[in-house]
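Here are some exercises to work through with the sequence and the 3D view side by side. Try each task on your own before you read the solution.

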Amino acid sequence: MATVDFNRIWKRYGDVEAVKDVSLNCPQGEMLALLGPSGCGKSSILKMVAGVEEISEGEITFDAKPVSHLPPGARNIAMVFEDYALYPHMTAAENIAFPLKVRGVPRREAAKRIDGLIDMLSLDDVRDQRVSGLSGGAQQRISIGRALVRDPELVLFDEPLSHLDGDQKVQLRSEIKRLQQTANLTSILVTHDQSEAIAMADRVAVMNNGVLQQVGSPHDLYETPANLFVANFIGEPPMNLYEVTVHQTGNRIILRHDGLAIDFAADVLGRFVSGLGSDAATIGIRPEDVRVSAGHGQTYATDGDAAATIPARVDYIEPRGDSDVLTLKTDSGAIVVAEVDGPSEYVIGSPTEISVSVGKVHFFSTETGNALGRRGGDA
Amino acid sequence: MQRTLTARDAFRRKTLWTALVVAAAAFILFPVIWMIGMMVKPTDIMFARPTEWLFVPTLEHFNYVFEQKFHHYLLTSVLLGLISTLLVVIIGTPAAYSFARFEMRGKDDLFLFVLASRMAPPVCLVIPYYLIFARIDLLDTFIGLTLAYMTFNLSFYIWVLRSFCRDLPAELEDAARLEGWSRVQIFRRIVLPLLRNGIVATSVLCFIFAWNEFLFAFMLGGKAVKTLPVAIPTLITTQGVRWGEMAVVGMVALAPVLIAVFFLQRHIVRGLTMGAVKG
């Protein structure tokens, strides 16, 4: 197993720049997820690591050894594909055996390893069946078996779960994670599904339009998103974002949005505001950080850390079992999405009061989209 | 009540449908059956009015056909069809795969160029072929006709097989490349087995084209190399048309086509629709 480094990688298809100046590192034994919407360049990166596509510029190293000049077969990489990419004219066992057959591994040793994997992936029942008729879950397990049968330096997972049904997806997700940890596999996972990335990966690299946005643990991305894209992309339901204008008068700072004004002590917000080039900023609040209480409060009040209370009515409720996602509308028409413990008592039209702790508010520059930090975090 | 009514409706509809299909089949099959009768019908009652349905079968037509060395023409047709189709498969399969898989400058133009040879009416092509073949001494030779059929079928074959190739997931090949296989190995061991159905269906169509073809065979061959379609009109003689013999030879000419379509119709339809929809 190797440590993989990406050093200023570019990928161009004609005039299209699919990957722009990406540097990344995946230490031995780690699972790194590349997360982003389709077309963000994550699959191009994977194909360049695998060697099935050329790197336009930059270098990829395994244990500090450059590999970009090596053909795919010489890199000792295994890959698990979205569409499984099993050879339809072979049985399950033949598919798993394929990498060993290609390498001329002695029959007895090969059989031992194949049996071990078939056992580990519970594929005994389908062992001698043609793969084309099998369920997606079984096919993907075979594909994983084929990837692991020959001790690769690196395992690449390209959207491995996206064609599976709900329960198979969750089951295989934990199975892959378990295998990855017990075998201490260095692996890269490409996915557009944040729950997959967060559940499986040690670190997540978020990409958009070919540009790396942020790398960090799922926790880091969630708590301290580096910019508006990450803030909006990570988290379900997504973060509430509001463009505000900042007014500073004496030792008070007032944020205005759509007829709402929230008043803060200057020492609370001062360091974010000082980072702004203009009076425009964007604030972000996670739905679960919105405090909702039943009531009919009239106006807001602020004091230091505990922020305003704003009256709002329930516009829509999405019950999710253990939580309810409320879409709330303030008197001024602003929409606030809140996640409260469920099942809750609210119905459509319920009057509520909402408030947010200042410590939970994320600040971004509207102009650059970059984070200015969060009061509660270490900004 | 409602239920019995619908059941009866369905029965009626099915009966009507069956009757229609039988009628259509009879309409299409009647000439073939009539021809089978003609093969063994004595010449003197061939066109007797009213039709004589009962007669002693005769082999006179078969004897004449063999006397006239029609079995040579049959052999020529078979060999010409098989060899030209084999060449098409050998050259066309890698070409179709390359067109489907690899990017290169001017690929679409080249593909259109390949296809263009199929778009022109054959009559337009036969004249330049004649001139070229005359210059390089390929007129009325087996090799010449084989080459002509090969060229003509190649564009069609590449066109249809390219869409079969496009249907193969590229990930399959990526997976094999990660195991260290070369392009050639992947082509032989993974692509070819998966393309088998497409290759069979498309090459059968090529064979049938070569088998049925008249114009090229007549213009570029005709004496030393005579195919069945060219030989059949010789049965129209100055003493009249030899109908019985024509039925015998016609049946032989029809047989491979019928057999191929019967066994491969599903593949052929799939091959054609794929080419049509995705080409």
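Helices (H or I, at least four residues) and strands (E, at least two) are DSSP runs, numbered from the N terminus. This is a predicted model, in which local features need pLDDT of at least 70, side-chain atom pairs count only at pLDDT 80 or more, and totals for chains, interfaces and linings use all residues. Residues are numbered from 1 along each chain as its sequence is written, chains are lettered from A and ligands numbered from 1 in the order in which they are written, and side-chain values use heavy atoms, with hydrogens and water left out.

**Exercise 1. The annotated domains**

Task: Find what share of helix and strand the chain has over residues 74-264 of chain B, and over residues 4-234 of chain A.

Solution: 
- Step 1. Start with chain B, where an unreviewed UniProt entry gives "domain: ABC transmembrane type-1" for residues 74-264. UniProt positions are given in the numbering used here, feature names are shortened, and annotations may be inferred rather than shown by experiment.
- Step 2. This stretch, residues 74-264 of chain B, is 80% helix and 2% strand, with 23 Å between its end C-alpha atoms.
- Step 3. Now turn to chain A, where UniProt (unreviewed entry) records "domain: ABC transporter" at residues 4-234. Here the chain is 36% helix and 26% strand, and 25 Å separate the end C-alpha atoms.

**Exercise 2. A sheet in chain A**

Task: Work out the strand order of the open sheet of 6 strands in chain A, and say which strands are the edge strands.

Solution: 
- Step 1. Two strands pair if DSSP finds at least two bridges between them. With this rule, the order in chain A reads 6-7-8-3-9-10, and the pairing is mixed.
- Step 2. Strand 6 (77-80) and strand 10 (211-216) of chain A each pair on one side only, which makes them the edge strands. From one strand to the next, the twist averages 20°.
- Step 3. Look at strand 9 (residues 203-208) of chain A, which pairs with strand 3 (residues 31-35) of chain A in the parallel sense over 4 bridges. A:L32 has A:R203 as its bridge partner, and A:L35 stands opposite A:V206.
- Step 4. Strand 9 and strand 10 of chain A pair in the antiparallel sense over 5 bridges, with A:A205 opposite A:V215. These two strands form a hairpin with 2 residues between them, and A:N209 in the turn has a positive phi of about 50°.

**Exercise 3. Buried or exposed?**

Task: How many of the 6 residues of strand 9 of chain A are buried? Is B:F70 buried or exposed?

Solution: 
- Step 1. Buried means under 20% relative accessible area, exposed over 50%, and partly exposed in between (1.4 Å probe, protein chains only).
- Step 2. In strand 9 of chain A, 5 of the 6 residues are buried, so this strand is largely enclosed by the rest of the structure.
- Step 3. B:F70 is part of helix 3 (residues 70-101) of chain B. Its relative accessibility is 4%, so B:F70 counts as buried.
- Step 4. Contact means heavy atoms within 4.5 Å. Leaving out residues up to four places away in sequence, B:F70 touches several residues, including B:V65, B:L228 and B:V249.

**Exercise 4. Where the two chains meet**

Solution: 
- Step 1. Begin with the contact, which takes 20 residues from chain A and 14 residues from chain B. The chains bury about 1,500 Å² between them, 68% of it on carbon and sulfur atoms. Buried area is the accessible area (1.4 Å probe) that two parts lose on being put together, summed over both.
- Step 2. A salt bridge is a side-chain nitrogen of Lys or Arg within 4 Å of a carboxyl oxygen of Asp or Glu. Between chain A and chain B the count is 2 salt bridges.
- Step 3. A:R150 and B:E179 form a salt bridge, with the closest N and O atoms 2.7 Å apart. A:R150 lies in the loop between helix 4 (136-148) and strand 7 of chain A, and B:E179 in the loop between helix 7 (170-178) and helix 8 (183-212) of chain B, so the pair joins two chains.
- Step 4. Check both residues: A:R150 and B:E179 are buried.

Technical notes: Axes are lines fitted to C-alpha atoms, for helices over the stretch in contact, and angles run from 0 to 180 degrees between N-to-C directions.
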